[in-house]
Amino acid sequence: MERTWRWFGKKDKITLDMLRQIGVEGIVTALHDVPNGEVWTREQIRDLREYIEGYGMRWSVVESLPVSEAIKYAGADRDRLIDNYKTSLRNLALEGVKNVCYNFMPVLDWARTDLSHPNANGTSNLYFSHAQFAYFDICILKRPGAEKSWPDDVLAEVEKLKATMTPEDDHNLVDTIIVKTQGFVSGNIKEGDEHPVELFRDLLGLYDGITADALRENMRYFLAAIMPVCDEMDIRMCVHPDDPPFQILGLPRIVTCDADIDWFLHAVDNPHNCLTFCAGSLSAGGHNDVVALARKYASRTSFVHLRSCHIFPNGDFTEAGHLGGRANLVELVRIFEKTDPTLPMRVDHGMTMLGDESRGYNAGYSFLGRMFALGQVQGIIATVDNELGLPYRQPGLF
Ligand code: DNO
């Protein structure tokens, strides 16, 4: 697999000079400064591509070319936004960047309730608590009918939280769920937005009456519209699974499991319609057998995220070590390396460790924690390559 790394552009505190020292071959990035829905110009793309190439690496994957909400809920503007999307795709391909990750999650790109949940060894990881999320839904967001979407045991936990959560805890929960996890992924709400909860309510309102089937139809419409450009320019579009892979806040989520993946691959049956195999997102759902999914969908995967989750008996999950958890990264590497040894892979999220916490990195995207994980994954790849008779490689080293 190609060793790639998610880098947030020239402003990222983790520099390309650091990355080339730790075995990174390809960069995963986006034009983070271009507002959602606007065209990415060839000049902007070329500038970033050449910058990356100046460090001896290549721009392997776009993560993400964001799909505007109006495309997802079929707003009046969607055809214009799809045209812009097609222009951006064409410009990327003309500059040689032909693997594009996106997601089709309404409003929230990904969700966690704690960004620094302590591990017993002094490091921390991301964490999702159903009770905390339900508390946000019922007591902070005050979504009409929210209580009905949570089971009794979670509602009982919410009652306990009502007695212990301080205004500061509430503020931190809002910051985690709708600001810190969203801003840096070109999400709907950014650091500094004054009334995030109100903004968030308005966004949820856009999906009133949009069922899972309606969202599926909108995804099918989007894919059908962009596939001719992908065919012409040989672009692989790889959708990221919903994270976490279950319904939240009454919003439909349609890339959560085997049946969902099967659906979108067949809805627009085209080899350029691909999957981002995010082992972390998929392993956060107890219904998913991650290894079986990899076996089934490896040939339609154009990008791999390696990470693994541990699910607690109450359904809460945390991000496990890259050699632990439910995902079985060793077996996944075997499957993907056999399918296509050039497939781009990035380690996804990592522990926060050894001073990462004070460096201001984006949530989940520590340096030392991810470097540690990359070292582990490089070891797995080397072992698997040895089994398969493939040569070992690490740029810059003998
Ligand atoms: C979070 C990421 C997501 C992902 C997008 C892809 O850490 O996995 O933000 O990049 O959903 O479109």
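**Ligand shell, buried contacts and backbone geometry**

The side chains of R112 and E319 form a polar contact of 2.7 Å, where a polar contact is a pair of N or O atoms within 3.5 Å; within protein, one must be able to donate a hydrogen and the other to accept it, and residues adjacent in sequence count only if both atoms are side-chain atoms. The model is predicted, with local features requiring pLDDT of at least 70 and side-chain atom pairs counted only at pLDDT 80 or more, while totals for chains, interfaces and linings use all residues. Residues are numbered from 1 along each chain as its sequence is written, and side-chain values use heavy atoms, with hydrogens and water left out.

R112 is located in the loop between strand 4 and strand 5 (114-118). Helices (H or I, at least four residues) and strands (E, at least two) are DSSP runs, numbered from the N terminus. The side chain of R112 is also joined to that of D243, by a polar contact of 2.9 Å. R112 counts as buried because its relative accessibility is 0%; buried means under 20% relative accessible area, exposed over 50%, and partly exposed in between (1.4 Å probe, protein chains only). Apart from neighbours within four places in sequence, the residues in contact with R112 are L126, Y127, F128, T176, I177, D243, R307, F317, E319 and H349. Contact here means heavy atoms within 4.5 Å.

The side chain of E63 places an N or O atom 2.5 Å from an oxygen atom of the ligand, and an N or O atom in the side chain of S64 is 2.5 Å from an oxygen atom of the ligand. For H349, a polar side-chain atom lies 2.6 Å from a ligand oxygen atom. Taken alone, the ligand exposes 320 Å², and the protein buries 100% of that. These accessible areas come from the Shrake-Rupley method with a 1.4 Å probe; for residues, only the protein chains shown count as cover.

Backbone geometry was examined next. Most residues other than glycine have a negative phi, and most peptide bonds are trans. E63 and S64 are joined by a cis peptide bond with omega of about -10°; S64 belongs to the loop between strand 3 (58-63) and helix 3 (69-72). A cis peptide bond also joins D243 and P244, with omega of about 0°. P244 is placed in the loop between strand 7 (236-240) and helix 10 (258-267).

L249 lies in the loop between strand 7 and helix 10 and, although not a glycine, has a positive phi of about 55°. With a relative accessible area of 5%, L249 is buried. H349 is likewise not a glycine and has a positive phi of about 35°. The loop that holds H349 runs between strand 12 (344-347) and helix 14 (368-388). H349 is buried, at a relative accessible area of 4%.

The largest nonpolar core has 118 residues, and L19 and L332 touch the most other members. A nonpolar core is a set of buried Ala, Val, Leu, Ile, Met, Phe, Trp, Tyr and Cys residues joined through side-chain atoms within 4.5 Å. Helix 9 (residues 212-233) supplies the largest share of this core, 9 residues. Neighbours within four places in sequence aside, L332 is in contact with F277, A279, V290, V291, A294, L306 and A327. Another core, of 8 residues, lies apart from the largest one and includes F8, W110, L126 and F184.

Two further positions were considered. L388 is in helix 14 and counts as partly exposed, at 33% relative accessibility. Not counting residues up to four places away in sequence, L388 touches E337 and K338. S299, in the loop between helix 12 (290-297) and strand 9 (301-306), counts as exposed at 63% relative accessibility.
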